[in-house]
Amino acid sequence: MNLRKKVRKKELLLQGNEAAVEGALRAGCSFFAGYPITPATEISEILSVRLPQLDGTFIQMEDEIASLGAVIGASLAGAKAMTATSGPGFSLMQENLGFAIIAEVPCVIVNAMRGGPSTGLPTMPSQSDVMQARWGTHGDHPIIALCPSTIRECYDLTIKAFNYSEKYRIPVVLLIDEVVAHMREKITIYEDEEVEIFNRVKPTVPPEWYIPFEDTPKGVPAMANFGDGYRYHVTGLTHDIRGFPTSRPDEIDPFIRRLFRKVSQNFSDVQIGESYETDDADITIIAYGCVARSARRAAADGRENGLKVGVLKMNTIWPFMRSQVEKVLRTSKVVIVPEMNMGQISREVKRVNKGDTKIFTINKVDGTIITPQEILNRIKEVC
Amino acid sequence: MSYRYDIRLSGSGGQGLILMGIILAEAIGIYDGKCVAQTQSYGPEARGGSSKAEVVVSNAEIDYPKALKLDLLLAMNQKSCDDYYMDLKPDGILIVDSTFVKQLPTQRAYQIPFTRIAREKLKREMVANIVALGAISKLAPIVSSKAIEAAVLARVPKGTEKLNRDALKAGVMAAKKVKKVSFPSAPAEFEDEDT
């Protein structure tokens, strides 16, 4: 090993979308299909230049349905694939999102959240697609959704999104709100930095022994690339371990349960959150995305005024980080959940609240970010 | 002790405010080495409508990324000057493009006709934003003119370097000549004590 390796450091002023592109390329993304939409367009724009330079593929599709279709196809053929969109396009992707879940195709979908419903507020932020990411596609299913609040996290969580999708053979949604997607901050990227990159597990058996949807202790079957000689059937119908449609209850039940199990037995791996001064806090703010930044400011200002305020920042939105939320519900007297929607995560917090902890919400739906002062005012109002 | 310096560049869509914000953030963050967060808000129109870019500067990690109380406000049209003047700190700096801003909310404003300078001296109205950046580097203590020049040249299209360098110089010159603004000598906290 060369110990005197030169550290190549890049200091850049990047937008959230640009950092997500850097993260995707670092994770090994080699295929992008998408349809441009504000506020996610920069991702397509930059990848249309960068991917061909790296021998990857960029396709602008006719719409978002086809975009995710192309991404699923590319992933089945072995590529790490991604698409990027915003609310209206994410609605169109729901059908294929379900397909990727049932066929267990790894892929990453960036949803830069703008105001809705429908075309809504193209250039203004919101956090109103949180539940859509969870339940937008029909059927009982698990999902992983991540939500960055800084430019550094856009980079890191995009890499994580690819890792989780490859590790658990599941589509991962990256929910970036418009503020973070378009915000620019300084980020330092070390080109030879050790970054954990996970690649899907490939079958080690010869093609004739390969069982494409076999249960394993991890719940994740090995995945062969199309074209590598492993012939198997991919369908959106509920299938048996060989990939063929089944209507036998004794095959359906273990299949659906395995889909859930592969995520639920790895909660500790996929649920990432950060606590700031929550240990002695009477008041804890649970926040995510750009609002988590306002929350940290509000907590710092509150501490200056003698209020013991802490922040639990959720980097993973789904699966809901129940154990970490329960911990702050046990230790705090009051929990505040500020969100730029009518209360999508606060309902989850209320759901897991077993004790008498008071939960208050701040719901802002006017297309602007919740300010630290608004959080502080709410704290003063309820305490 | 960490500090915060909040800047808002405002005007109408098409005046190049977001590009200004990016260049300013790059100058302060990359070339001057401070922490920066740059955000923007604009309407769906390519031109017209109101547009603003904000840059928050600190020596520590920045939490809330949007501007709170403004240390520096640039208003490139009358509407933005009227809308945002109230967000300015008592000792905050107000710079207006006097080509468009005719009614001033205060006497303590730097009035420079950025657009007229761009149109008449440089023959290209679109560099008004770069002229304004030149003036900011002279009038505000937050960024060095060296850093601004490096950031401008790194961001503008190839072949326009001379035009943009001239625009920066014109901005610096205009700022040197502008009428000095004096601020009240008593700090804001002291004034508040009686009330």
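**Chains and overall build**

Modeller: In chain A, 76% of the contacts between residues at least 6 apart in sequence join residues at least 24 apart. Two residues are in contact if their C-beta atoms, placed from the backbone, lie within 7 Å. This is a predicted model, in which local features need pLDDT of at least 70 and side-chain atom pairs count only at pLDDT 80 or more, while totals for chains, interfaces and linings use all residues. Residues are numbered from 1 along each chain as its sequence is written, and chains are lettered from A and ligands numbered from 1 in the order in which they are written.

Biologist: What is the corresponding share for chain B, among contacts with a separation of 6 or more?

Modeller: There, residues 24 or more positions apart account for 62% of them.

Biologist: How do you know whether the radius of gyration of chain A agrees or disagrees with that of a compact globule?

Modeller: The rule for a globule is 2.2 Å times the number of residues to the power 0.38, with the radius taken over C-alpha atoms. For the 383 residues of chain A that gives a value near 21 Å, and chain A has 21 Å, so the two agree. Along the principal axes, its C-alpha atoms fill a box of roughly 70 × 50 × 50 Å.

Biologist: And what does the rule say for the 195 residues of chain B?

Modeller: A compact globule would come out near 16 Å, and chain B has 16 Å, which agrees. The C-alpha trace of chain B spans about 55 × 35 × 35 Å along its principal axes.

Biologist: What makes Pro221(A) buried or exposed?

Modeller: A residue is buried with 20 or more other C-beta atoms within 10 Å of its own, exposed with 12 or fewer, and partly exposed in between; C-beta atoms are placed from the backbone. Pro221(A) has 21, so Pro221(A) is buried. Pro221(A) sits in the loop between strand 9 and helix 8 (249–264) of chain A. Beyond its neighbours within four places in sequence, Pro221(A) contacts Pro212(A), Phe213(A), Glu214(A) and Thr216(A).

Biologist: And how is Lys123(B) classed, buried or exposed?

Modeller: Lys123(B) has 9 C-beta neighbours inside 10 Å, so Lys123(B) counts as exposed. Its place is the loop between helix 3 (114–120) and helix 4 of chain B. Over the whole chains, buried residues make up 49% of chain A and 48% of chain B.

**Helix pairs**

Biologist: Why do helix 3 and helix 4 of chain A get their orientation label?

Modeller: The axes of helix 3 (residues 64–76) and helix 4 (residues 87–102) of chain A come within 7 Å and cross at roughly 30°. Axes are lines fitted to C-alpha atoms, for helices over the stretch in contact, and angles run from 0 to 180 degrees between N-to-C directions. Angles under 35 degrees count as roughly parallel, over 145 as roughly antiparallel, 65 to 115 as roughly perpendicular and the rest as oblique. Helix 3 and helix 4 of chain A are therefore roughly parallel to each other. Residues making the contact include Leu68(A) and Ile72(A) of helix 3 of chain A, and Leu92(A) and Phe99(A) of helix 4 of chain A.

Biologist: What makes helix 4 and helix 6 of chain B parallel or oblique?

Modeller: Helix 4 (residues 128–139) and helix 6 (residues 161–177) of chain B pack at about 45°, with their axes 7 Å apart. That makes helix 4 of chain B oblique to helix 6 of chain B.

**Where the chains meet**

Biologist: How many residues does each chain give to the contact between chain A and chain B?

Modeller: Chain A gives 16 residues and chain B gives 18 residues. Helix 10 of chain A supplies the largest share of the chain A side, 4 residues.

How values were computed: Helix = DSSP H or I, 4+ residues; strand = E, 2+ residues; numbered from the N terminus.
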